[in-house]
Every structure is written in structure tokens, then in C-alpha cells.
2 protein chains.
Amino acid sequence: MAHPQLPRDEVIDRLTAVFRREGYEGASLALLSEATGLGRSSLYHHFPRGKDDMAEAVMLAARDKITALVVERLSGPGSPRKRLEAAVRGWDEFYQSGQLSCLTELFSVGNAKQRFQDLLLGGITKLRAAIAALLVEAGLPPEKAEKRALDAVVAIQGGLVVARASGDRSIFPSILAELPDRLLNP
Amino acid sequence: MAHPQLPRDEVIDRLTAVFRREGYEGASLALLSEATGLGRSSLYHHFPRGKDDMAEAVMLAARDKITALVVERLSGPGSPRKRLEAAVRGWDEFYQSGQLSCLTELFSVGNAKQRFQDLLLGGITKLRAAIAALLVEAGLPPEKAEKRALDAVVAIQGGLVVARASGDRSIFPSILAELPDRLLNP
DNA sequence: GTCTATAAGCAGATAGAC
DNA sequence: GTCTATCTGCTTATAGAC
């Protein structure tokens, strides 16, 4: 493999798959190298500070993706229910129906926690805010909207954990399907 | 430290703390040795297959603890609400109000996943069954009871993830506090 | 049951050729 | 932009003294 010129986005996608499967500590340079088809030194060329830089790039790309697939749909045009349903499809796509684990989870353990806590907190905060704003617009009192927004984030994260630990692929889609009614119910 | 004769249960508690903080891959023998005050070789004396054996002992001890603190309380004497409230106190104690992460989460990633998936699945299944049985006894139709039992497990796991990622200590206790009403409501 | 010493291998990381 | 070769330190694991 001489000059494959794999585009950066594709490289980051493959790195993301490894971090999701193995966790931060488990994602060794050997695995990351194998997944991308790049030698270690090539990885260091693209990510000078090594694994740290790769993890950061993965986190930023995930944030952008969840912003496009979920957050922007929540605050886009259309009725609150339609927007919520669009966001639900976005979550399903982002987590591939629960088969993929969440980086939030994996990057909040051990060494990775200290480095990425700010990013994690920011991501969760924005997501909660976008859901709450939609629910207020749908007519819920602000306090109730905040509470349900947190419930939604908790249900999604918990759904991913339980789905993975149970090996049951139906759990996550079923949680997502119930989300609109559960949130919008008066 | 010559012959401290630390009881096995205490050793396992200290190992548990490391696995919870660092994850399976992040829990190195150096950290495990430091936490227990035992040299590497002493650890191998107690756990001949090394880290694998330690992790297994930690998982089995956690299963026993959650059985005593939660599952047995759910199926114990008293009204369903009282039993549920007792179980909620058990969860709070087991997770120290959400400050501790769940082994379910940490052991369902990478290498650890293959080795411990059976244990994880068994634990979640028993917990779901115990909650569902209590809800049926409280008058809910079986299907609804099953669904709410899953919701409860999801809320707890998700609450731990979100609490840790947010660094907000109030989230987990607040989820626990709402659980009885949320589950028993007709 | 604990310790010291050590082995063998893999981790992350770097230098320099092409 | 990729490669090969190499380095240092840490990883798991074992042998054997006390």
C-alpha cells in the first residue's frame, strides 16, 4: 500500500469504529493501524500527538455528526413532532440501531475522562437544551421540558448499554420508537 | 507489608474500585497491586490466571451484592411500594449515588465483552424479571410490567453514564427517587 | 502468603530513507 | 505521505527465595 490517499474523513470513520468497539484504552496503535491501512508512522504524520489526537478527531467528528443528524433536526423547520421523529431517525442512524456503543460512555472512563470531559459535558448540555426547547415550543412548561429532555438522553445512553450487554438488537430501536410519545405527552 | 492477611472480600472490594474507575483495559496490574497493597506475585497467588481471574471475582462479587441489595429486596416481604423503595436505597448504596460506574458498562467493551457477556446477560435478565414480578403483583398487566422493568434498568444504566459524563452528582439520585412512582403509576 | 528478580512481548512514540 | 527500523517504558506473567 504505497499512496492510497485515503481521505481524512474516511480515516476518522475507521478510527471511530475501533474506539467504539474497543474503548479508549483498548484501541491500540496496532488496531488503529490495521483498521486504517496506515502504518504507525503515517498515523503520527496525520495525528502528531498520536492516540490523543486521533481520539480528539474522533470526538469532534462525532459531535459534528450528532449535531447534523439530531440537534439541527430538533431545531429545524416543521412541527415539533415531525422534528422529533426526524431526530429519532438520526439517532438510529448514528448508533446503527444500537449496535454501536457511544463514545460518551467509552471516553468517560480512566485516562480518557480527564482529557475529554469538557467535550462530553458540552455535547450533552447542547443536546438537552435542544430537546427542552422543542418541548417548550410544543407547549410543555419549561421545568417539565428540562426534566424530560434529561430523561430522553438518559434513555438513549441507557438503551445503548443495556442493548450491548443483553445482545438484544430490538431494545434500542424500541426505545427510540417510543420516545416521541413519551416526550410530547401532556 | 509482610503478612497483612487482608481478607479476600476486602481485596476484591479494592480491585472492584480500580476496575470501576479505569475500565477493564485500563486496570493494569500496577494499579491493582497498588490498590490492594499486594505485590504482583501475591495477586497471582490468589488469582492464578491473573487479571482475568480478578475481573471474574469482581463480577461475581458485584452480582452477589446487587442480589442482596436489590433483587432480594424486590422479592422480599412487605408491600410492592415498600419493597421498591428498599431496592432504590440498595441501588443508591451499590452505585454510591452514581459516583461509581457500572461494571456492566465497562465489561461490555472490547476483550472483556466476550469473556463476561454471559454473566452480564444473566444479571440483567434476573433484575428485569424481579422488577416485572413486583409490578405484576402490584396489579400491572404482565406486558406492561415487562416493559417498565426494562425502562427501569435502562434509566439506571443511562443515569450512571450521564451522571459521570456530566459530572453532576444530583442526576442519579434524582432518577432513583422518581423510580417508584414512575413504575407503579397505573 | 509474601517478596525480589526477571523474562518476553507489546504499548506509544520517533528518526530518517524513499 | 508512506515506509522500515528502532527506542524506551510498561504490560502481563513466571521462577524461586523467604
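This is a predicted model: local features need pLDDT of at least 70, side-chain atom pairs count only at pLDDT 80 or more; totals for chains, interfaces and linings use all residues.
Figure 1. In chain A, 62% of the contacts with a separation of 6 or more join residues 24 or more positions apart. Of the 186 residues in this chain, 50% are buried.

**Figure 2. The helices of chain A.** Chain A contains nine helices and zero strands. Read from the N terminus, its elements follow the order α-α-α-α-α-α-α-α-α. The radius of gyration of chain A is 18 Å, close to the 16 Å that the globule rule gives for 186 residues, so the chain is as compact as a globular protein of that length. The C-alpha trace of chain A spans about 60 × 35 × 30 Å along its principal axes.

**Figure 3. Surface and charges of chain A.** Chain A has an accessible surface of about 8,800 Å², and carbon and sulfur atoms contribute 51% of that area. The chain carries 24 positive and 23 negative charges, whose mean positions lie 1 Å apart.

**Figure 4. Helix α2 of chain B and its buried face.** Helix α2 of chain B covers residues 29–36, and B:Leu29, B:Leu32, B:Ser33 and B:Thr36 are buried there. Viewed down the axis of α2(B), the buried residues fall within an arc of 100°, so they line one face of the helix. An α-helix has 3.6 residues a turn, so residues three or four places apart point the same way.

**Figure 5. Surroundings of helix α2 of chain B.** B:Gly37 follows α2(B) and has a positive phi, near 75°.

How values were computed. Residues are numbered from 1 along each chain as its sequence is written. Chains are lettered from A and ligands numbered from 1 in the order in which they are written. Side-chain values use heavy atoms; hydrogens and water are left out. Helices (H or I, at least four residues) and strands (E, at least two) are DSSP runs, numbered from the N terminus. The radius of gyration is taken over C-alpha atoms; the globule rule is 2.2 Å times the number of residues to the power 0.38. Buried means under 20% relative accessible area, exposed over 50%, partly exposed in between (1.4 Å probe, protein chains only). Contact means heavy atoms within 4.5 Å. Accessible areas come from the Shrake-Rupley method with a 1.4 Å probe; for residues, only the protein chains shown count as cover. Lys and Arg count as positive and Asp and Glu as negative; His and the chain ends are not counted. The place of a charge is taken as NZ of Lys, CZ of Arg, CG of Asp or CD of Glu. The arc is that of the directions from the helix axis to the C-beta atoms.
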